[in-house]
Amino acid sequence: MPVDSIATVAPLSRLQPLLAPQAPADLTPGGAPFAGVLNSVLNGNIEANRGADAAVQSLATGEAQDLHTVSLAVAQADLSFRLILELRNRLTDAFQEVTRMQV
């Protein structure tokens, strides 16, 4: 098996130095309050549910012919609900952990 010469391989270009990581704007003090973040997640869930309801209704009435779009809207609403459910579970666990602390 013949082996080609490595003289034809071009040298690698110089690597660029990495930039220092920057903190996201939301994590800095004075960023978005937790209530605002929670409200945006809840509003997103409401919109996803409305979209899923509209998609299912249009499929039931025969207006929608694309089953994929309807199932995608329902899956997005389900995922949004699961996110809120997991947030609730984590907050409940954190609250129980705090109440178990001895002072």
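Which residues of α2 are buried?

1. Basis of the note. This is a predicted model, in which local features need pLDDT of at least 70 and side-chain atom pairs count only at pLDDT 80 or more, while totals for chains, interfaces and linings use all residues. Residues are numbered from 1 along each chain as its sequence is written, and side-chain values use heavy atoms, with hydrogens and water left out.

2. Helix α2. Val70, Ala73, Ala77, Ser80 and Ile84 are the residues in question; buried means under 20% relative accessible area, exposed over 50% and partly exposed in between, with a 1.4 Å probe and protein chains only. The buried residues of α2 pack against α1. Helices are DSSP runs (H or I, at least four residues), numbered from the N terminus. Helix α2 has 34 residues and spans 49 Å from its first C-alpha to its last, close to the 50 Å expected at 1.5 Å a residue. The expected span is 1.5 Å times one less than the number of residues.

3. Helix α1. This helix has 27 residues and reaches 39 Å between its first and last C-alpha, close to the 39 Å expected. Its buried residues are Asn45, Ala48, Ala52, Ala55 and Ser58, and they pack against α2. An α-helix has 3.6 residues a turn, so residues three or four places apart point the same way. After α1 comes glycine 62, whose phi is positive, near 90 degrees.

4. Arrangement of the pair. Helix α1 (residues 34-60) and helix α2 (residues 67-100) pack at an angle of about 150 degrees, with their axes 8 Å apart. That angle makes α1 roughly antiparallel to α2, a term for angles over 145 degrees. Axes are lines fitted to C-alpha atoms, for helices over the stretch in contact, and angles run from 0 to 180 degrees between N-to-C directions. The crossing of α1 past α2 is left-handed, that is, the near helix is turned anticlockwise from the far one by less than a right angle.

5. Contact surface. Residues of α1 including Phe34, Val41, Leu42 and Leu59 meet residues of α2 including Leu67, Val70, Leu87 and Leu91; contact means heavy atoms within 4.5 Å. By class, the contact has 18 nonpolar, six polar and no charged residues. Ala, Val, Leu, Ile, Met, Phe, Trp, Tyr, Cys and Pro count as nonpolar, Asp, Glu, Lys and Arg as charged, and the others, Gly among them, as polar.

6. Individual positions in α1. Asparagine 45 lies in α1 and counts as buried at 10% relative accessibility. Leaving aside neighbours within four places in sequence, asparagine 45 is in contact with Ala77, Ser80, Phe81 and Ile84. Glycine 44, also placed in α1, is partly exposed, with a relative accessible area of 34%. The C-alpha atoms of glycine 44 and phenylalanine 81 are separated by 9.7 Å, although the two are 37 residues apart along the chain.

Definitions and conventions
Helix = DSSP H or I, 4+ residues; strand = E, 2+ residues; numbered from the N terminus. Parallel < 35°, antiparallel > 145°, perpendicular 65-115°, else oblique.
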